[in-house]
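Work through the two exercises below with the model open beside the text, and try each task before reading its solution.

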Amino acid sequence: MKVVGISGSPRVKGNTEYLVGFVLSKLSTKGAETELITLSDKSIAPCKACYHCVKEKDCSTKDDFQDIFAKMCGADALVIGSPVHHAGITAKLKGFLDRTGFVSRWIGSEMKKAGESYRWKGTALSRKILAPITVARRTGHTFALAQLLLWGSVNDLIIVSADYWPMAVAGAAAAVDAESDEEGLTIMERLVENIYFLLEKLPK
Ligand SMILES: Cc1cc2nc3c(=O)[nH]c(=O)nc-3n(C[C@H](O)[C@H](O)[C@H](O)COP(=O)(O)O)c2cc1C
């Protein structure tokens, strides 16, 4: 069982990193092999919309994307967390997910010709488990969560839920205190249980 966690925060050791790390550490105690990837220290350009990936099955921009994408492809489950920035996910995570989504789509599928319909053949991330997490000081979680849910649901992933939306609240402006959001952590614990429940069902 391999689980890759991605923190989309530009902040080192911020709330998102804490929450994604929290979920990974609980999965690790259950026996999963886990890796936390932070985008804060990675070079990730936005998608150029060059459509190179349609034919070449890779992204034309060479940066840290390729290494992270390879790790995602080798994982059974992905835990993707973002702080809420202006009621959405961070710009860096959005750029990364745009590139991930397009490359993974075109790895298995071809651009349709004029007059044809698409017959999609899954993606490079098909049937991997996706656990999204968002954290904000106050509000905008649901829009950010919707971005992660829509990215997962267009890319053929299996989205895992919890017994509340998988989000946490950080305290005063710029505080790094997600660990004191008790309700948030119980939601993360349920998310862990449900990720593990699904991991055990995957074909060996
Ligand atoms: C550019 C920017 C925009 C933000 N927008 C929001 C927002 O829309 N709603 C909110 O509640 N908090 C907002 N925040 C606060 C962060 O969501 C909050 O501090 C969060 O805990 C940061 O997570 P991190 O420590 O993982 O970076 C914003 C912070 C920044 C830097």
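**Exercise 1.** How many cavities of 30 Å³ or more does the count come to?

The model is predicted, with local features needing pLDDT of at least 70 and side-chain atom pairs pLDDT 80 or more, while totals for chains, interfaces and linings use all residues. Residues are numbered from 1 along each chain as its sequence is written, and side-chain values use heavy atoms, without hydrogens or water.

Step 1. On a 1 Å grid over the protein atoms alone, a cavity is a set of points where a 1.4 Å probe fits but cannot get out, and the count comes to one cavity of 30 Å³ or more.

Step 2. The largest cavity holds about 110 Å³ of space, a volume being the space filled by probe spheres set on the points.

Step 3. Its lining (residues with an atom within 4 Å of a point) comprises 14 residues, of which Cys47, Cys50, Cys53, Cys59 and Arg99 lie nearest the centre.

Step 4. Helices H2 (52–56) and H4 (91–108) each give two or more residues to this lining, and H4 gives the most, with three; helices here are DSSP runs (H or I) of at least four residues.

**Exercise 2.** Describe how helix H1 (residues 15–29) and helix H6 (residues 182–201) pack.

Step 1. The axes, lines fitted to C-alpha atoms over the stretch in contact, come within 9 Å and cross at roughly 45°.

Step 2. H1 and H6 are therefore oblique to each other, a class left over once angles under 35 degrees, over 145 and from 65 to 115 are set aside.

Step 3. The contact (heavy atoms within 4.5 Å) includes Tyr18 and Phe22 of H1 and Met188 and Val192 of H6.

Methods
1 Å grid on protein atoms, 1.4 Å probe; cavity = no way out; pocket = protein on both sides within 12 Å on 5 of 7 lines; lining within 4 Å. Axes fitted to C-alpha atoms, helices over the stretch in contact; angles between N-to-C directions.
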